[in-house]
Structures are given as C-alpha cells and as structure tokens.
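Subject: Structure handover

Hi,

Here is the structure for you to look at. My notes follow below.

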Amino acid sequence: MYQFDISAGTKADLYRDLLAALDALTADERDPIANMANAAALVWEYVPDLNWAGFYRLVPEAQGGELVLGPFQGKVACIRIPVGKGVCGAAAATLTTQLVEDVHAFPGHIACDAASRSELVVPVTKDGALVAVLDLDSPEPARFDAEDAAGCEALAALLGERL
C-alpha cells in the first residue's frame, strides 16, 4: 500500500511532494493506463477545489487526431474531443498549457460538467509528440494560477517519460 507525505503548506511544496509521489508510483510501471490512473487519483486527492481531474489520450488513427477519454476522477465526462476544439483540444493542437480563468468566456468551450468554472489543461508529450492532455476542472472561477500550471507541467513531463 502506498502512503505519501503530501505537504499542506505552499503550492510549491504541494507540487514538489506530488511530483515525488508520482515518481515513486510510476518508476517501475510501464503500463500507460495504470500510470495515468494513479496520476489522476493523486491529483484528485491532494489538489483542492477540483470537480474533475484526468486525462484525454490522443488517438492518431482518427481523422485529424482525436482526444479520447482516459483515466479520471470526477463526474462522467465527454468521451471524444476533436483536436483544436475546446480547452483540451486547444492544448493538444498548440502543445501549450491552457489556463482558463472563466471557461464560459473561452471560445468553443465544451461543457462536460456545467458546474465547471475554470480549467487547466497541460499537454503530455513523449519524445516531443503529444500522447495525452492532463485536464483539471474547478467549480471555482480563476481557481488555477501560474504555480498550478508549472506544477502540473512538471507532473506531465515526468508522466510523459513513463507512458
């Protein structure tokens, strides 16, 4: 059984401890679904004020590429998202983190949960190619900031090496 000492101090402490925990969880595991599942559970358990945390995986066989629901925690979710559509699709198309303070103001936002007010989506890459996006939703407006983005980018970078 895993037990982690996750700091309740600063955001920097939180993300440092989450990164160490994710490293321990994924170090000897090669299955990408298992690693994404544990990453989603870890984020869900320790990052406050979320109503959804999980992954959309890139399925390149689909015409133009498509993001398909992966491991997550939260309410049921949209199953497929075209690359370039919504916040997740924008992160996938541009390979850049999308930090959205008000999802209702984001052009083309896909509302899988009407309670979501802000969103953070981070591309997960392996050898420079997109494999998934890490998606965090919150019912709080402007829930995420640059520290959350940097922390999740570090998690995504580590996870990308382990998928």
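In which strand does Val-133 lie? Val-133 lies in strand S6. Helices (H or I, at least four residues) and strands (E, at least two) are DSSP runs, numbered from the N terminus.

Two points on provenance. This is a predicted model: local features need pLDDT of at least 70, side-chain atom pairs count only at pLDDT 80 or more, and totals for chains, interfaces and linings use all residues. Residues are numbered from 1 along each chain as its sequence is written, and side-chain values use heavy atoms, with hydrogens and water left out.

Val-133 has a relative accessible area of 0%, so it is buried (buried is under 20% relative accessible area, exposed over 50%, partly exposed in between; 1.4 Å probe, protein chains only). Its contacts (heavy atoms within 4.5 Å) include Phe-55, Tyr-56, Leu-67 and Val-122, leaving aside residues up to four places away in sequence. Cys-88, Ala-91 and Ala-92 are also among the residues that Val-133 touches. Gly-89 is 44 residues from Val-133 in sequence, yet the C-alpha to C-alpha distance is 8.8 Å.

H3 spans residues 86-94 and is mostly covered, with seven of its nine residues buried. Leu-95 follows H3 and has a positive phi, near 55°.

**H1 against H4**

H1 (residues 11-26) and H4 (residues 146-161) pack at about 10°, with axes 10 Å apart. Axes are lines fitted to C-alpha atoms, for helices over the stretch in contact; angles run from 0 to 180 degrees between N-to-C directions. The two helices are therefore roughly parallel (under 35 degrees; over 145 is roughly antiparallel, 65 to 115 roughly perpendicular, the rest oblique). On the H1 side, the contact includes Tyr-15, Leu-18 and Leu-22; on the H4 side, Cys-152, Leu-155 and Leu-159. By class, this contact has 10 nonpolar, two polar and four charged residues. Ala, Val, Leu, Ile, Met, Phe, Trp, Tyr, Cys and Pro count as nonpolar, Asp, Glu, Lys and Arg as charged, and the others, Gly among them, as polar.

**Two Asp residues with positive phi**

Asp-49 has phi near 60°. It sits in the loop between H2 (32-46) and S1 (52-59). Its relative accessible area is 46%, so Asp-49 is partly exposed.

Asp-127 has phi near 55°. Its loop joins S5 (118-126) and S6 (129-138). Relative accessibility is 79%, so Asp-127 counts as exposed.

Best wishes
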